[in-house]
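The entries follow in the order I checked them.

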Amino acid sequence: MRSVKVFIVIGMLLGIAAPAWAQGNPTGTIRGQIMDPGNLPLPGVTITAASPAMQGTRSAVTSVNGDFIIPFLPPGDYTVTIELQGFQPQKKAVSVAMADTKPLAITLALAGVQETVTVTASAQTEVLTTSTVAATYRKDMLERLPLGRDLASAVTLAPGVTPTGPSGNIIMSGALSFETQYLVNGVVINENLRGQALNLFIEDAVQETKVSTASISAEYGRFGGGVVNMITKSGGNMFSGSFRTTFNNDAWRALTPDPNDKKVNKITPVYEATLGGPVLKDKLWFFSAVRYTKPESNVTLRFTGYNYTLSQAEPRYELKGTFAINQKNKVIASYMKRTTSTTNNSFGVVMDKASLYDSSTNQNLMVFNYTSVLGNNLFLEGQYSRKISATKDTGSRFSDLIKGTLMSDRSRTVGTDNPRFNSPTFCAVCFDSTGTGWLEHRDNWDWYVKLSYFLSTQKTGSHNFAFGFDNFKEWRKNNNWQSGSAYSVSATSAIIDGTSIYPVFKNDNTTFVNWSPLVKETVGNDIRTYSAYANDSWRFNNKLSFNLGARFDMNRSKDQSGAQVVKDSQWSPRVGVTYDLEGDAKWTVNAAYSRYVSGVSTALVDAGSAGGRTASYSWYYKGPAVNTGTGPYLTPEQSLAVLWAWFDAAGGNNMTTRNAPSIPGVSTKVKEGVKSPSSNEFSVGVANQIGQKGIWRVDYIYRKAADQYGDFLDRSTGTVQDPTGRSYDLTLVSNTQKAQRTYQAMVANFSYRFDRFTMAANYTLGKMWGNINGENVGSGPTRASIDTYPEYRAESWNYPMGYNPGDQRHKFRGMMVYQTPIPQSFGGLDVGFVQRFDSGVSSAGDPNGSVDSRAYVTNPGYLNPVSSVGYYFLPRGSFRWNNIWTTDLSVNWSKRLGVGATQVFFRGVITNVFNNSGQVNGDITINTNFTNKTYTTFNPFTTAPVQGVNWDLGSNFGKPQAPADYQSARLFSFSVGLRF
């Protein structure tokens with residue numbers, strides 16, 4: 001505790017922020033140099049920035065070297081006035097993007113000389129020219145394009161970003177999907193386990209979104225992929241608002257080729273309203289928003305084709321206040337809330353009605369931000385935030401051995417999951433000692449303070465030093481019951497007759513009975529990161545500038561039983577250089593080195609926790625064969641009655657397990673000295689400004705991950721005993737050096753504005769390469785098994801190098817907005833166009849089979865050697881789904897009503913205009929003797945397996961099994977509303 005206190009004090013005194021002032025409320029900065037006609041610096045020049053986005057004006061005075069800086073500027077369009085007695089005043093219109101610095105290099109003419117005012121058009125899509133690889137999208141640009149209005153639609157426009165992680169999760173710069181950091185108004189909104197963004201925001205309230213994928217400032221930490229920053233509106237000196245209704249109907253989509261695809265013909269509107277304006281002009285602004293929807297859509301389950309209606313009632317709210325205490329001090333407070341009530345929810349790949357359940361979630365976010373201009377060169381910011389995400393009633397409503405027992409079909413594989421039936425995953429009616437059923441909290445809070453100092457020197461140019469300290473805490477609290485009865489059955493296979501499922505239990509070691517009892521009630525975990533960071537945004541001269549930063553993260557974490565499991569500290573240097581070839585911002589070359597340290601995963605923290613976690617025991621079924629003949633077949637209820645009768649008679653839980661049990665806190669423990677995974681990144685690029693209207697940029701990015709999580713179980717880890725005296729092989733969780741993951745990409749970005757056209761395009765040529773998967777749909781982060789029972793596996797077939805799941809070689813996005821030349825009396829009409837190309841993605845779950853290598857290894861002394869080891873019969877990542885082409889169109893019409901700025905509008909969107917139906921998922925089952933005894937065993941260490949003899953592709957391998965296995969079919973939706 002003493003070291004932590006000392007660290008906090010040092011961090012508050014020395015720690016630091018970044019040049020764009022973006023970790024908190026993500027504002028922008030104007031920075032530059034003023035020269036006289038002889039190209040000499042002008043001191044004493046007054047620069048004043050004014051904008052409808054800002055309360056009052058902000059001013060700065062140039063130093064003896066002509067340098068100036070104006071931070072804390074809300075994103076928007078600004079008029080910058082430059083004045084000095086004896087010189088001709090200038091005004092410039094500039095666009096300030098969030099979390100970015102706008103450079104200005106200005107030469108003042110002598111008084112009496114006629115000066116033309118230079119106007120820089122506001123960019124709707126910002127492509128940075130600094131070393132950071134990022135793209136910024138304004139709301140009005142996104143509105144005019146045929147896009148979904150959620151966060152993912154904006155994020156996946158950017159190069160280096162693919163929605164190819166488990167269940168379509170977003171991957172940035174080749175990292176695992178849970179390693180990206182999402183922020184709204186500078187606050188982390190990731191959910192704690194799988195790292196995905198919570199949809200707390202209201203679409204009409206969003207102002208701007210920035211996606212950063214490489215060379216990211218030291219201000220940002222606890223990520224390994226990229227950073228997404230979104231900011232919401234803040235009101236203004238004029239009242240403004242909107243009311244919108246978006247009409248959706250499942251019947252307005254085309255059917256996929258799946259024969260069981262059906263529609264629900266019901267209009268499900270989304271209502272949004274916003275209102276903002278002054279309480280006191282230039283002093284106190286407010287902004288408010290509300291959203292409500294209850295969408296209903298048809299879901300067709302894989303394999304059985306069972307159809308049902310999924311609905312989710314969801315209100316959202318936002319309230320934000322901006323108070324300018326004076327021109328130098330400002331406070332922003334905001335509150336967001338979202339509640340959901342879901343009917344017919346599910347987890348994993350399910351096949352029947354019995355696997356569905358109803359659940360609810362309550363999420364809210366509270367933020368307080370303070371900024372202060374302490375002097376012409378000294379600036380301060382502080383922020384406190386708290387996010388709550390609580391889920392109730394997840395899982396089965398039955399706890400008996402029949403209706404409460406989950407079953408899965410081992411003969412079928414989708415991704416990394418065997419499809420499930422008979423009962424939902426998890427348990428809503430399993431109660432703790434307080435009488436509480438399923439209630440899961442995934443929350444965080446954060447406070448930080450940062451100080452910035454602008455230094456202008458004659459010899460070394462100007463420096464924007466930033467110092468800060470960040471104290472971040474997240475926690476998860478839940479009792480993770482895996483099924484209603486605490487049991488599950490992995491069936492050999494299942495016979496499917498329409499929507500009826502008949503489990504097949506064979507007694508040849510292909511059916512397993514699994515038991516997952518709760519080990520101990522949770523007290524909640526406590527994952528802390530104390531961070532200090534320093535950054536110098538250094539402009540050496542008008543050609544050469546640097547970004548020099550370092551971040552120090554210290555992790556202290558306790559698991560859900562209250563035990564200290566992580567004590568880790570790491571440095572993250574970030575170095576970038578930008579060279580302006582002519583000093584006029586036309587051609588720039590960038591290079592950077594960055595090290596990123598991910599946050600400690602709650603999955604790692606709780607890997608050895610007894611609190612809230614379940615143990616895992618598994619037995620071979622040796623009872624009567626069930627449904628192996630020609631019928632009539634036994635129902636799931638009848639089949640389970642046979643299984644449980646045998647299980648009880650054979651000794652039940654006292655039988656010898658088929659493999660080593662996993663008992664958190666006993667047989668699995670987190671090893672001392674475990675640390676967060678990290679990655680090293682090198683990037684180099686070139687950018688070119690095309691006059692005042694366009695820009696293109698190309699970057700090469702290389703990343704290599706290190707210290708991935710893994711399990712260790714060998715002869716050195718030893719054995720342990722549980723309280724009853726039973727012995728187990730001990731598994732230690734730590735970082736493995738054998739796990740490898742690299743990413744290489746060439747990303748190109750282009751944007752150009754004509755009189756009536758706005759065009760943008762980007763292309764990514766990428767390669768994700770390694771020997772581990774690292775995550776799945778069910779668990780989020782997963783640990784490598786390379787170092788467990790090493791005698792029973794070999795690199796060549798168990799963990800070979802190859803393309804990682806989700807690898808996509810080519811991604812293209814072409815965007816255009818055309819403002820039609822219709823008469824003004826008819827209003828304004830824009831046509832939007834997006835063309836997408838996504839090359840075939842390697843399957844999210846690698847196709848591989850299981851082998852039992854125990855017969856070919858002399859047991860060196862393990863109590864219970866591993867019985868199932870993965871074998872890559874196909875090269876890792878070689879199997880890919882279809883290339884996907886998608887063309888989307890939108891029409892936006894608006895007309896003023898003659899009352900102030902009030903206008904009515906219509907927005908219509910058609911996605912996948914040509915109704916292409918490429919396949920994006922399907923069955924990837926590979927059969928071996930482990931799942932089907934008709935195949936012959938073989939020695940994996942010495943024998944090359946023969947297809948058709950030792951293994952084979954499943955009968956449905958590569959085939960789609962549900963409508964969701966195709967790209968989204970053509971869909972129409974529209975919005976109507978009023979803005980003022």
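Entry 1. I looked up N185 in this predicted model and found it in the loop between β13 (181-184) and β14 (187-188). N185 has a positive phi of about 55 degrees and is not a glycine. I noted this because most residues other than glycine have a negative phi. Buried or exposed, I asked of N185? N185 counts as buried, because its relative accessibility is 3% and the cut-off for buried is under 20%.

Entry 2. I found a positive phi at N422 as well, about 85 degrees, and N422 is not a glycine either. N422 sits in the loop between β26 (420-421) and β27 (439-457). With a relative accessible area of 9%, N422 is buried.

Entry 3. I then checked the peptide bond between G631 and P632, which is cis, with omega about 5 degrees. Most peptide bonds are trans. P632 is placed in the loop between β37 (617-620) and α5 (636-650).

Entry 4. I turned to the charged pairs.

Entry 5. I looked up R979, which forms a salt bridge with E143; their closest N and O atoms are 3.7 Å apart. R979 is in strand β59 (residues 971-979) and E143 in helix α2 (residues 139-144), so this pair ties together parts that are 836 residues apart in sequence. R979 counts as partly exposed at 26% relative accessibility, whereas E143 counts as buried at 7%.

Entry 6. I next took E272 and R149, whose side chains meet in a salt bridge at 2.5 Å, N to O. E272 counts as buried, at 1% relative accessibility.

Entry 7. I also checked K266 and E296, which meet in a salt bridge at 3.2 Å, N to O. K266 lies in the loop between β17 (240-247) and β18, E296 in strand β20 (residues 296-300), and the two are 30 residues apart. K266 is partly exposed, with a relative accessible area of 40%; E296 is buried, at 17%.

Entry 8. Last, I followed shared partners. Salt bridges of this kind join K139, E143, R149, D204, R244, E272, R907 and R979 into one network.

Key. Residues are numbered from 1 along each chain as its sequence is written. This is a predicted model: local features need pLDDT of at least 70, side-chain atom pairs count only at pLDDT 80 or more; totals for chains, interfaces and linings use all residues. Side-chain values use heavy atoms; hydrogens and water are left out. A salt bridge is a side-chain nitrogen of Lys or Arg within 4 Å of a carboxyl oxygen of Asp or Glu. Helices (H or I, at least four residues) and strands (E, at least two) are DSSP runs, numbered from the N terminus. Buried means under 20% relative accessible area, exposed over 50%, partly exposed in between (1.4 Å probe, protein chains only).
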